[in-house]
Amino acid sequence: MLPAWASLPAQMDRLGANAPESLLALILASAGLAILALILALIAVGKRLWWKSQARHRAARVEMWRAHLLEVLAGERPPHSLASQIDVAHRDAFLRFLLPYATAVRGQASERISALSHPFISGLRRELGDRRPSVRARAVQWIGVFGGPDQAGSLRRALDDSSDRVAEVAFRHLARLGGPGDTERLLSCLGRLIPITQDHSTLVASSR
């Protein structure tokens with residue numbers, strides 16, 4: 001049996017013969033990783049540019065809405081002239097934009113805000129049947145803010161929603177928009193809503 005050192009030259013020869021293939025595989029693997037890294041970097045840059053572009057477009061839309069809204073509130077143009085320009089995909093963004101104005105203005109300006117948001121109320125009513133409580137609660141909130149007494153029926157139905165949060169939002173807005181005939185209905189919901197109020201009070205107290 002030959003000593004270990006005697007077989008060393010043969011082992012070196014085998015390594016030398018396999019070296020070009022190993023080196024090629026290493027080069028290819030490194031090139032593949034470099035290409036992957038480049039692709040990921042390009043995707044990241046592309047997403048960043050896309051988000052910046054979207055942000056600029058959103059800002060431009062809001063500025064356009066604001067300029068037209070001021071004209072509507074001043075009575076210089078009818079509400080439908082602005083409402084007709086709102087793409088369905090931008091409905092939620094537009095209503096969020098309107099929200100501060102709807103809760104701040106009074107009188108004729110409030111009526112113009114209601115007229116401006118009226119085309120979107122039917123879509124909000126459909127969302128009252130959404131399976132997600134957060135969507136239903138938002139729909140009730142916006143119906144209560146933008147709608148008038150004619151939307152009290154939707155708020156009454158929302159009082160029976162399976163979500164306490166939805167019912168609580170409906171209660172607040174129906175108390176404002178409903179009539180004397182809703183008093184008993186509202187009182188009957190107090191037992192359900194009192195725990196929500198207590199939980200909210202406890203949360204506020206614990207955060208101080």
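A nonpolar core is a set of buried Ala, Val, Leu, Ile, Met, Phe, Trp, Tyr and Cys residues joined through side-chain atoms within 4.5 Å, where buried means under 20% relative accessible area, exposed means over 50% and partly exposed lies in between, with a 1.4 Å probe and protein chains only. The model shown here is predicted, so local features need pLDDT of at least 70 and side-chain atom pairs count only at pLDDT 80 or more, while totals for chains, interfaces and linings use all residues. Residues are numbered from 1 along each chain as its sequence is written, and side-chain values use heavy atoms, with hydrogens and water left out.

**View 1. The protein chain has nine helices and zero strands.** Helices (H or I, at least four residues) and strands (E, at least two) are DSSP runs, numbered from the N terminus. Of the 208 residues of the protein chain, 29% count as buried. Contact means heavy atoms within 4.5 Å, and among contacts between residues at least 6 apart in sequence, 62% join residues at least 24 apart.

**View 2. The largest nonpolar core holds 39 residues.** Within this core, Leu-69, Leu-82, Phe-94, Leu-98, Ile-113 and Phe-146 touch the most other members. Helix 8, which spans residues 164-177, gives the most to the core, with seven residues. Leaving aside neighbours within four places in sequence, the contacts of Leu-82 include Trp-65, Leu-69, Phe-94 and Leu-116. In soluble globular proteins, nonpolar side chains tend to be buried together.

**View 3. Helix 6 is largely enclosed by the rest of the structure, because 10 of its 14 residues are buried.** From its first C-alpha to its last, helix 6 reaches 20 Å, close to the 20 Å expected at 1.5 Å a residue, the expected span being 1.5 Å times one less than the number of residues. Among its buried residues are Val-135, Trp-142 and Phe-146, and what covers the buried residues includes helix 3 (91-102), helix 4 (108-117), helix 5 (121-126), helix 7 (152-158) and helix 8.

**View 4. Ala-139 is found in helix 6, which covers residues 133-146.** With a relative accessible area of 0%, Ala-139 is buried. Not counting residues up to four places away in sequence, Ala-139 touches Leu-124, Glu-127 and Leu-128. Ala-139 and Arg-125 are 14 residues apart in sequence, and their C-alpha atoms are 6.9 Å apart in space.

**View 5. Helix 4 has buried residues on one face.** The buried residues here are Ala-109, Ile-113, Leu-116 and Ser-117. Seen down the axis of helix 4, they fall within an arc of 90 degrees, so they line one face of the helix; the arc is that of the directions from the helix axis to the C-beta atoms. On the other side of helix 4, Gln-108 and Glu-111 are exposed.

**View 6. Trp-50 and Trp-51 form an edge-to-face pair.** Rings of Phe, Tyr and Trp (its six-membered ring) pair if their centres lie within 6.5 Å, and planes under 30 degrees apart count as stacked, over 60 as edge-to-face and the rest as tilted. A search of the whole structure finds six aromatic pairs. In the pair of Trp-50 and Trp-51, the ring centres are 4.9 Å apart and the planes stand at 75 degrees. Trp-50 is partly exposed, with a relative accessible area of 47%. Elsewhere, ring pairs link Trp-65, Phe-94, Phe-97, Tyr-101 and Phe-120 into a cluster.
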